[in-house]
Amino acid sequence: MAKISTRRATDLLIHVGIVLALLAVLFLGFFFVYLPFTTNHGQSITVPELSGLSTDELKTLLNDRDLRYEVSDCTYVAGVEPLTVYIQYPRPGAKVKEGRKIYVTITKLTAPMVPMPKLVDLTKRSAELTLRSNGLDLGTISYKPDLAKNSVLQQLYNGQEVKAGMPVPKGAKIDLVLGDGLGNTTFDVPDVIGKPLDEARLIIKGSNLQVGTVISVEDPEKEVGTVVRQKPEPRPGERIRVGETVDLWVVGPLDN
């Protein structure tokens, strides 16, 4: 083993300098190489955009980046591909350590059922807000003669009237029938006295009116089923509004 000569002061200073230089290299290497490597190790991974990916695509993408995932929730979203990522945390672009777990919300395959809310008599705006708050969508809107303008008269699902409380799929489109407000237009009362009940009904409905109460009466001089009185009466100056009702007195007995 070689011995280091320290007989001369110069040799001692050289040796001390070498030791100090080694210590300096170790010091600088510890603070500027080792510590940054250990403290920043795994923190430079950027979280990718996962929205819309299937679970298989999600697993492959995260494995390639030394990341993991966990399904934290499942939800149904109308119009979104089922069994795909809808929400993720951390958000895309975040910096995380390798091995970090990414929490995702996956869309469900089938829609859950929700109770149909009562929309009849609500305004169009209120009905739309009610649908949205119950996880339903507004479908087509149609109008029919009625005094209540833009008031909901009927609520339909797949062309059929659906009553409040009945189960419908979340995200379903609900069609609405609204009043057109034309009931404010007045015209002469149609005269159906002396006509058969069936014909009277057609005349009343063809005038955008509604058949009200039908009352059976006796009149031996008239044929059964003949209208002998109506209210309002078809008098000169008597006016009626679209959507109003006409009550009829008919020679009976009557079929329901």
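What is the volume of the largest pocket?

## The largest pocket

In this predicted model, the largest pocket has a volume of about 180 Å³. Rolling a probe the size of a water molecule over the atoms shows where empty space is left.

The lining of the largest pocket is made up of 3 nonpolar, 3 polar and 3 charged residues.

Most residues other than glycine have a negative phi, and most peptide bonds are trans.

Y89 and P90 are joined by a cis peptide bond, with omega at about 0 degrees. You will find P90 in the loop that runs between β3 (85–89) and β4 (95–96). Another cis peptide bond leads from K231 to P232, and its omega is near 5 degrees. P232 sits in the loop between β14 (227–231) and β15 (239–241).

## Positive phi angles

L83, a residue other than glycine, has a positive phi, near 60 degrees. Its place is the loop between β2 (68–75) and β3. L83 is partly exposed, because its relative accessible area is 47%.

D121 is also not a glycine, and its phi is positive, near 85 degrees. Look for D121 in the loop between β6 (113–115) and α3 (124–133). Is D121 buried or exposed? With a relative accessible area of 60%, D121 is exposed, since that term applies over 50%.

Key
Residues numbered from 1 in each chain as written. Predicted model: local features only at pLDDT ≥ 70, side-chain atom pairs only at ≥ 80, totals over all residues. Heavy atoms only, no water. 1 Å grid on protein atoms, 1.4 Å probe; cavity = no way out; pocket = protein on both sides within 12 Å on 5 of 7 lines; lining within 4 Å. Points joined across faces, edges and corners; volume = space filled by probe spheres on them. Nonpolar A, V, L, I, M, F, W, Y, C, P; charged D, E, K, R; others polar. Helix = DSSP H or I, 4+ residues; strand = E, 2+ residues; numbered from the N terminus. Buried < 20%, exposed > 50% of the residue type's maximum accessible area, 1.4 Å probe, protein only.
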